[in-house]
Amino acid sequence: MRLLDLLAPRRPGVAGANASSWSQPPRDPSYDVPVPFACGYDDGRASLALLNKARVTQCALSRVCGVCGEGLDRPVVFVGTAAEDARNAFHFPPMHAACADALAANLRQHGVPVPGQDHVGEPVVVSCSAFEFVRPTAADTDRRPVFAPVTGARPAVVPEG
């Protein structure tokens, strides 16, 4: 093995893990739209209303896109609700910018809720260089994992005068 190969960034070998029977993403039976990777199961079940916790965790730990299932680079992008943005706590995994744009456009076009949410609202798109993955504890009432984007230090506001 060459040194260059050893020093190259390693991407998770998700092709085999994601292969299942998905040559194409399944369609949501309620909305008739393609279902993102994080909302599908290997047995063929798929719905925008469901977040597959195993795939959500795989997306977090292996830096895999929640929409297409391929490896992520920087920046990563989150699509969520205004409430998730205000809390800086998203439930749907990070994705590529192009996947986020396509997902948000699809949600708007079809009047579909953000995956894992139960109400339709304007999707919010947040780009960042990193994120924290927070697993729920026994004390949490919402047992879904949370992604907290790390947007870096915010510039200080200097008063004029």
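1. Reading from the N terminus, the elements of this chain follow the order α-α-α-β-α-α-β-β-β, that is, five helices and four strands. Both kinds are DSSP runs numbered from the N terminus: helices are H or I with at least four residues, strands E with at least two.

2. A word on the basis: the model is predicted, so local features need pLDDT of at least 70 and side-chain atom pairs count only at pLDDT 80 or more, while totals for chains, interfaces and linings use all residues. Residues are numbered from 1 along each chain as its sequence is written, and side-chain values use heavy atoms, with hydrogens and water left out.

3. Have a look at strand β1 (residues 76-80). Five of its five residues are buried, so β1 is largely enclosed by the rest of the structure; buried means under 20% relative accessible area with a 1.4 Å probe, protein chains only. V76, F78 and G80 cover one side, and V77 and V79 the other, all of them buried. In a regular strand, side chains alternate between the two faces of the sheet.

4. β1 pairs with strand β2 (residues 124-128) in the antiparallel sense over five bridges; pairing requires at least two DSSP bridges between two strands. V124 of β2 is the bridge partner of G80.

5. Leaving aside neighbours within four places in sequence, F78 is in contact (heavy atoms within 4.5 Å) with residues including F90, F92, M95, V124, F131 and F147.

6. For the chain as a whole, 39% of the 161 residues count as buried. Of the contacts with a separation of 6 or more, 52% join residues 24 or more positions apart.

Conventions:
Buried < 20%, exposed > 50% of the residue type's maximum accessible area, 1.4 Å probe, protein only.
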